[in-house]
Amino acid sequence: MKIAELELRTINLPLVRPFRTSFGTQTAREVLILKVTTSDGIVGWSECVAMSEPLYSPEYVAGSLDLMRRFLIPTLLQAGDISAESVAPLLAPFLGSPMAKATLETALLDAQLHIEKRSLADFLGANKTKIPCGVSVGIAPNIPQLIEEVSGYIADGYKRIKLKIEPGWDIDPVAEVRKNWPDIPLQVDANQAYSRSDGELLSKLDQFELLLIEQPLDEHDILGHALLAKQVQTPICLDESITSLRSAEDALALKATTVINIKPGRVGGYLEAVKIHDLCLNEGIPVWCGGMLETGIGRAANVALAALPGFTLPGDTSASSRFYHQDITDPFVMEDGYLVVPQTVGIGRVPHLEFLDSITSHKETIRV
Ligand code: NPG
């Protein structure tokens with residue numbers, strides 16, 4: 001496959017409600033969208049999960065754009081005839097930036113699967129046609145508002161609730177949600193907000209029979225997570241710390257994690273995500289698919305990944321309406337707590353161009 005044209009654009013989508021985490025509050029999502037056209041006129045789409053600011057990871061939208069246009073895209077163009085599988089090795093000399101690299105690999109994979117007339121779900125090895133959905137609930141202004149928000153999601157049919165926590169917003173909100181819904185699968189996500197000395201505090205969460213505590217400590221503190229895992233009974237799940245197959249192997253070997261959140265953008269793409277899935281499946285480690293407020297483009301690909309056999313826990317693969325009044329693609333609509341896995345060619349969704357244009361703040365085209 002030869003690239004003929006790349007179109008990079010940034011869009012802005014308002015969120016249905018503010019989303020507060022320990023690293024900040026989002027009220028809108030700025031997204032970098034990539035369209036690749038091959039020399040045969042085949043099109044592939046992807047989105048970059050980097051946020052506007054480097055608060056969750058070092059990557060951010062303007063930085064990803066710069067990196068892609070300055071280094072990554074020229075390297076792929078210089079390579080000539082390429083496949084999705086050749087993207088990661090070609091871009092390996094450029095350090096870091098898994099999200100930008102994943103964006104290029106995914107758009108090329110979408111195009112490649114259109115050429116092969118194959119769905120992403122089939123290509124990745126999915127064995128399910130629908131997947132159970134979880135929902136991630138931001139830090140609320142107070143407990144009554146949290147309960148009201150969670151009630152809405154339970155009424156919608158979500159099968160698992162994830163509560164964002166931080167110091168000062170942990171034991172009490174979790175206790176209250178557990179009291180209201182004694183049987184709902186429940187987990188918490190700290191986004192690195194705690195420190196090694198918080199073991200005793202976090203062990204107070206054990207009484208609520210949570211599925212897991214996600215990323216309590218700094219992403220680089222693998223030893224700290226291993227020590228914490230001995231102090232708390234609730235399984236520890238790593239998110240930010242897992243940036244590659246190698247880091248997953250290390251964290252498992254060091255017993256720093258017994259569950260893994262796989263986010264394709266964070267690990268450099270869907271091909272690396274499948275390798276982590278395969279490792280975990282072999283080792284009996286449950287995995288689930290994380291989310292980063294994706295539009296229908298990224299969501300479609302995540303839903304395909306979440307249909308692989310090792311994804312035994314519901315992911316942050318919510319309906320489009322969890323975050324957006326209007327998605328840029330046909331929306332993902334939940335039925336009885338499930339989303340249907342796209343079975344059409346490629347990632348299975350294309351943007352609605354008129355709407356996409358109406359929310360585009362920047363667009364540039366690179367022609368070969
Ligand atoms: O369902 O898309 C979703 C959001 C799930 O909580 C969620 N994502 O830390 O996992 C996270 C968090 C996140 C959001 C991370 C935005 C980075 C950016």
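Is the crossing of H1 and H3 left-handed or right-handed? The crossing is right-handed; a crossing counts as right-handed if the near helix is turned clockwise from the far one by less than a right angle, and as left-handed if anticlockwise.

**View 1. The whole chain.** This is a predicted model, in which local features need pLDDT of at least 70, side-chain atom pairs count only at pLDDT 80 or more, and totals for chains use all residues. Residues are numbered from 1 along the chain, and side-chain values use heavy atoms, without hydrogens or water. You can look for twelve helices and 13 strands (DSSP runs, H or I of at least four residues for helices and E of at least two for strands, numbered from the N terminus). Of the 368 residues, 57% count as buried, meaning under 20% relative accessible area with a 1.4 Å probe. The C-alpha trace spans about 60 × 40 × 35 Å along its principal axes.

**View 2. Two helices crossing.** Here helix H1 (residues 61–79) meets helix H3 (residues 98–116), with axes that come within 10 Å and cross at roughly 55°. Axes are lines fitted to C-alpha atoms over the stretch in contact, with angles from 0 to 180 degrees between N-to-C directions. H1 and H3 are therefore oblique to each other, since angles under 35 degrees count as roughly parallel, over 145 as roughly antiparallel, 65 to 115 as roughly perpendicular and the rest as oblique.

**View 3. Side by side at the contact.** From H1, the residues Ser 64, Leu 67, Met 68, Leu 72, Ile 73 and Leu 76 meet Ala 100, Lys 101, Thr 103, Leu 104 and Leu 108 of H3 (contact means heavy atoms within 4.5 Å). Eight of these contact residues are nonpolar, two polar and one charged; Ala, Val, Leu, Ile, Met, Phe, Trp, Tyr, Cys and Pro count as nonpolar, Asp, Glu, Lys and Arg as charged, and the others, Gly among them, as polar.

Definitions and conventions
Buried means under 20% relative accessible area, exposed over 50%, partly exposed in between (1.4 Å probe, protein chains only).
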